[in-house]
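This briefing is arranged by topic for a reader who will consult the sequence and the coordinates alongside the text. Please refer to the display below while reading the points that follow it.

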Amino acid sequence: RSKAGTPNTSCLYSATMDEVEIEPLTLKTELRHALPRGELLLQYQPQVDLRTEQVIGVEALVRWNHPALGILAPGKFITIAEETGLIIPIGEWVLTTACLQNKAWQAAGLRPIKTAVNFSAKQLELTDIVDRVQGILTKTGVEPSTVELEITEASLISNIGRCKTVMKELRALGVKLSIDDFGTGYSSLSYLSELPFDILKLDAAFVRPLQQAGSSLPCFVVAHAIVDLAHALNMTVVAEAVETQEQLACLRRMDCDQMQGYLYSRPVGPDEIARLLRPMVSERFA
Ligand code: C2E
Ligand code: MG
Ligand code: MG
Ligand code: MG
């Protein structure tokens with residue numbers, strides 16, 4: 001595709017992919033083959049407990065290793081997957097793969113951790129979603145309490161009554177539920193009192209402005225109030241996209257429970273997670 005308007009049919013993709021819009025129709029067709037061709041992969045971002053400073057979990061994040069474009073972030077294809085319905089098989093592959101990986105780390109003698117998986121609104125809407133999740137838990141043999149399903153606030157808008165029923169049934173399977181990107185959608189506060197979430201993920205939008213140590217700054221006050229509210233509702237708070245020591249210091253002062261972000265680690269492959277979980281030499285001889 002030529003930027004300057006000169007027809008260039010021999011080359012579907014420009015060399016500078018970051019600046020050029022990817023042909024959505026082409027991607028749509030190719031995404032259909034991505035799963036059967038084994039082009040999808042998961043990366044895992046560590047989640048760290050702020051009190052023990054230990055890695056206590058990971059969030060599984062899907063990537064598409066596109067044959068011509070290289071590794072594509074979910075922002076490039078999740079919407080297409082949702083529009084085409086491909087998010088259903090992709091979502092099931094993601095959950096299955098993440099559960100198997102969690103088991104594999106444990107089988108390798110590593111300390112048990114939880115695995116968070118992003119769940120699409122389209123998955124939540126399936127009438128047999130609870131059976132499907134149960135089927136994956138049974139098939140993989142993962143310990144359900146180590147599995148966390150992340151639901152974005154934006155995906156809850158449609159039918160709150162049905163959401164509530166489905167969420168209760170999912171929880172009855174033993175999995176944990178988290179509200180992802182909290183504070184970026186609508187009516188978030190009423191959802192908190194109505195829906196049974198175990199974990200609140202404080203969105204990057206609240207974490208980003210926490211640069212200075214001032215506890216009286218509005219950004220600190222608002223984030224702190226969310227953390228207090230979540231705690232009052234017996235929820236664990238995970239801060240997203242923590243990039244600086246200043247942000248970390250602020251989050252500690254407001255008693256946030258866990259964090260994930262580039263400050264500790266980017267999303268990485270399974271081997272790198274295994275390396276992070278392996279005890280230090282000094283601990284091994286202790
Ligand atoms: P999310 O669930 O809120 O995931 C966190 C995103 O923040 C990830 O982007 C992660 O790489 C990024 N991130 C982590 N630490 C930092 C940081 O310190 N700074 C900044 N700026 N960003 C950070 P990613 O992997 O591109 O995923 C984007 C979104 O795509 C996710 O947002 C999630 O909503 C969606 N997604 C990812 N994997 C899946 C999946 O398997 N299924 C579904 N339905 N959605 C997925
Ligand atoms: Mg998430
Ligand atoms: Mg999020
Ligand atoms: Mg986010």
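**Ile-88 and its surroundings**

Beyond its neighbours within four places in sequence, Ile-88 is in contact with Lys-122, Gln-123, Leu-126 and Arg-132. The model is predicted. The protein comprises 286 residues, of which 46% count as buried, and it has twelve helices and nine strands.

- Ile-88 is located in helix H3, which covers residues 87-107.
- With a relative accessible area of 16%, Ile-88 falls under the 20% limit and is therefore classed as buried.
- Between Ile-88 and Arg-162 there are 74 residues of sequence separation, and their C-alpha atoms are 19 Å apart in space.

**Overall contacts**

- Among the contacts in the protein with a separation of 6 or more, 67% come from residues 24 or more positions apart.

**Magnesium ion (ligand 2)**

- The magnesium ion (ligand 2) is coordinated at 1.9 to 2.2 Å by Glu-59 (OE), Asn-118 (OD1), Glu-150 (OE) and Asp-180 (OD).
- Along the chain, the donors of the magnesium ion (ligand 2) have the spacing E-x58-N-x31-E-x29-D.
- Distant parts of the chain are linked by the pair of Glu-59, in strand E2 (residues 55-66), and Glu-150, in strand E5 (residues 147-152), which are 91 residues apart.
- Glu-59 and Glu-150 are both buried.

- Which residue bridges the magnesium ion (ligand 3) and the magnesium ion (ligand 2)? The bridge is Asp-180, and the two ions lie 3.8 Å apart.
- Asp-180 has a relative accessible area of 4% and is buried, whereas Asp-181, at 24% relative accessibility, counts as partly exposed.

**Ligand 1**

- Ligand 1 is surrounded by 21 residues, and the closest are Arg-63, Asn-118, Asp-180, Glu-243 and Tyr-262.
- A nitrogen atom of ligand 1 lies 2.5 Å from a polar side-chain atom of Glu-243.
- A backbone N or O atom of Val-62 is 3.2 Å from a nitrogen atom of ligand 1.
- For Tyr-262, a backbone N or O atom lies 2.8 Å from an oxygen atom of ligand 1.

**Strand E1 and its partners**

- Strand E1 (residues 40-49) has eight of its ten residues buried, so the rest of the structure largely encloses it.
- E1 pairs with E2 in the antiparallel sense over nine bridges, and Gly-57 in E2 is the bridge partner of Gln-47.
- Five residues separate E1 and E2 in the hairpin that they form, and Glu-53 in the turn has a positive phi of about 60°.
- E1 also pairs in the antiparallel sense with strand E9 (residues 258-259), over two bridges.
- In E9, Gln-258 is the bridge partner of Asp-49.

**Thr-244**

- Thr-244 occupies the loop between strand E8 (236-239) and helix H10 (245-253).
- The side chains of Thr-244 and Gln-211 are joined by a polar contact of 3.3 Å.
- A polar atom of the Thr-244 side chain also lies 3.0 Å from the backbone nitrogen of Gln-247.
- Apart from its neighbours within four places in sequence, Thr-244 is in contact with Gln-211 and Leu-263.

- How many disulfides does the structure hold? The number is zero.
- Is Cys-250 buried or exposed? At 1% relative accessibility, Cys-250 counts as buried, whereas Cys-219, at 23% relative accessibility, counts as partly exposed.

Note on methods:
Residues are numbered from 1 along each chain as its sequence is written. Chains are lettered from A and ligands numbered from 1 in the order in which they are written. This is a predicted model: local features need pLDDT of at least 70, side-chain atom pairs count only at pLDDT 80 or more; totals for chains, interfaces and linings use all residues. Side-chain values use heavy atoms; hydrogens and water are left out. A disulfide is a pair of cysteine sulfur atoms within 2.5 Å. Buried means under 20% relative accessible area, exposed over 50%, partly exposed in between (1.4 Å probe, protein chains only). Helices (H or I, at least four residues) and strands (E, at least two) are DSSP runs, numbered from the N terminus. A polar contact is a pair of N or O atoms within 3.5 Å; within protein, one must be able to donate a hydrogen and the other to accept it, and residues adjacent in sequence count only if both atoms are side-chain atoms. Contact means heavy atoms within 4.5 Å. Donors are N, O and S atoms within 2.8 Å of the metal (3.2 Å for Na, K and Ca); water is not among the atoms, so sites may look incomplete. Two strands pair if DSSP finds at least two bridges between them. A residue is near a molecule or strand if one of its heavy atoms lies within 4 Å of it.
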